[in-house]
Amino acid sequence: MDMKPPPRKGADFCSLRYGLALIMHFSNFTMITQRVSLSIAIIAMVNNTQQHDPPSASTEGSLTDALHHPNRSSEDFKTRASVYQWSPETQGIIFSSISYGIILTLIPSGYLAGIFGAKQMLGAGLLISSLLTLFTPLAADFGVILVIVIRTVQGMAQGMAWTGQFTIWAKWAPPLERSKLTSIAGSGAAFGSFIILCVGGLISQVFGWPFIFYIFGGTGCICCLLWYTVIYDDPVNHPCISAREKEHIVSSLAQQPSSPRRSVPIKAMVRCLPLWAIFTGFFSHFWLCTIIITYLPTYISTVLHVNVRDSGVLSSLPFVAAASCTILGGQLADFLLSRNFLSLIRVRKLFSSLGLLLPSLCAVALPFVASSYMTTIILLILIPGTSNLCDSGFIINTLDVAPRYASFLMGISRGFGLIAGIISSTTTGFLISQDSESGWRNVFFLSAAVNMFGLIFYLTFGQAEIQDWATERTLTHF
């Protein structure tokens, strides 16, 4: 039986909770740009057709050379920013290293954020990630090992930041506004992917690839100042919230029990099929999404044969659709709930179905339209766009089934997703290294099969009721 929250009474888009959603949108924007920066920069970093410098070529050398030869064109300067002799296998390790780091901190950071508060952990994670982004070009000159270490630690920092968000929403988001608020915040990742892929190639051409890291690392530091100034862990303690909005949020969450220091019912969670349905959905969703985020510039560059600037611009287009679908999907989901057109579980399953089935169909069609430039671009735009409809489905389902443990469970869920991303990235690299044409076809077919498995499992076992173990106070200790 779905719980029907009280009707909303508080302010809407001018309220503090929507301001919080916008700041979290900016935070997600910042973190994804720092994560994806390497995907666009690496095209220039390892482009051996541009120069024949030794593997240790550095940015500092290029700057010195440019100063000694003032008549040399800016085009020559930017191509000489640095080039490294990194094999495709090495690049794959660098790409996946940030996922390993995120996995290491997802579960413990989610648990600790639920106990000590998410503001400090999320802010610290964002700050560390930003500083390491600024340090990445220098690390590349010291060697690939240091780059891998930097990316791994950066992943650990972002893992702290990602999971802490759901602890905040468990206290700030009224049930009828969860899809809307979380979709506004979550769309920052899609918008960030669009921006970095759109302007990253241009930045690389005009200023040199190191400035990709400098610009977005600096943006993260600015975001940290905003985060620590405006964000509070709960509405009760926020000094600027109106009494009307505070009362609305507190009363709408009153039926959901919480305790600041609580044990975690591990045994009950392991036996809970609705949770496994969420985990399976995350695994399927992240499988294809990771391939798109990581390999899209490479796919466009090799299959459509475009340069680094145009590859970045084309790679950014799918994330416009992704950001739009995330926000519109959240609006539609809350509309269906507020008008009682569908029950909560039917809304979750509807958007999960759309978010897993539609991108699978597009992925299966891609190998058959490779000769058509326009059709290929349209399908590539639709894949992440339709995939992000899951944000109103199983992505936020932990807030329905266990709001007290939402941050902890989000850590586990993203852990499943990141494991899927590591496996899919490695598998993709192996398949396309054998034969490019058949390799990409197998990549997309396999992705569709994984999505279908996750969809069937979620439709069979997914629920939206608060589980019994999520309402008890005395439970199996962690």
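The model is a predicted one, in which local features need pLDDT of at least 70 and side-chain atom pairs count only at pLDDT 80 or more, while totals for chains, interfaces and linings use all residues. Residues are numbered from 1 along each chain as its sequence is written, and side-chain values use heavy atoms, with hydrogens and water left out. The protein holds 17 helices and zero strands, where helices (H or I, at least four residues) and strands (E, at least two) are DSSP runs numbered from the N terminus. Of its 478 residues, 58% count as buried, a term that stands for under 20% relative accessible area, against over 50% for exposed and partly exposed in between, with a 1.4 Å probe and protein chains only.

**Contacts and cores**

- Among the contacts in the protein with a separation of 6 or more, 85% are accounted for by residues 24 or more positions apart, a contact being heavy atoms within 4.5 Å.
- The largest nonpolar core has 116 residues, and those with the most contacts inside it are Leu 409 and Trp 469; a nonpolar core is a set of buried Ala, Val, Leu, Ile, Met, Phe, Trp, Tyr and Cys residues joined through side-chain atoms within 4.5 Å.
- Helix H1 (residues 16–45) gives the most to this core, with 16 residues.
- Another core, of ten residues, lies apart from the largest one, and its members include Leu 176, Ala 333, Leu 336 and Phe 351.

**Packing of H1 against H5**

- H1 and helix H5 (residues 118–142) pack at an angle of about 10 degrees with their axes 10 Å apart, where axes are lines fitted to C-alpha atoms, for helices over the stretch in contact, and angles run from 0 to 180 degrees between N-to-C directions.
- That angle makes H1 roughly parallel to H5, since angles under 35 degrees count as roughly parallel, over 145 as roughly antiparallel, 65 to 115 as roughly perpendicular and the rest as oblique.
- The crossing of the two helices is left-handed, which is the case if the near helix is turned anticlockwise from the far one by less than a right angle, and right-handed if clockwise.
- On the H1 side, Ser 27, Thr 30, Met 31, Gln 34 and Met 45 meet Leu 126, Ser 129, Ser 130, Thr 133 and Ala 140 of H5.

**Packing of H11 against H14**

- Helix H11 (residues 273–303) and helix H14 (residues 373–387) pack at an angle of about 150 degrees, with their axes 10 Å apart, and H11 and H14 are therefore roughly antiparallel to each other.
- H11 passes H14 in a left-handed crossing.
- The contact is made by His 285, Leu 288, Cys 289, Ile 292, Leu 296, Tyr 299 and Ile 300 of H11 and by Thr 376, Leu 380, Ile 383, Pro 384 and Ser 387 of H14.

- Asn 451 has its place in helix H17 (residues 436–461) and is buried, with a relative accessible area of 2%.
- A polar atom of the Asn 451 side chain lies 3.3 Å from the backbone oxygen of Leu 356; a polar contact is a pair of N or O atoms within 3.5 Å, and within protein one must be able to donate a hydrogen and the other to accept it, while residues adjacent in sequence count only if both atoms are side-chain atoms.
- Not counting residues up to four places away in sequence, Asn 451 touches Ser 284, His 285, Leu 288, Leu 356, Pro 359 and Ser 360.
- Ser 447 is also found in H17 and counts as buried at 0% relative accessibility.
- The side chain of Ser 447 has a polar atom 2.8 Å from the backbone oxygen of Val 443, and, leaving aside neighbours within four places in sequence, Ser 447 is in contact with Trp 287, Leu 288 and Ile 291.

- Ile 212 lies in helix H8 (residues 210–230) and is buried, with a relative accessible area of 0%.
- Leaving aside neighbours within four places in sequence, Ile 212 is in contact with Ser 37, Ile 40, Ala 41, Ile 196, Gly 200, Ile 203 and Ser 204.
- Gly 415, in helix H16 (residues 406–434), is buried at a relative accessible area of 11%, and, C-alpha to C-alpha, Gly 415 and Ile 103 are 5.4 Å apart in space and 312 residues apart in sequence.
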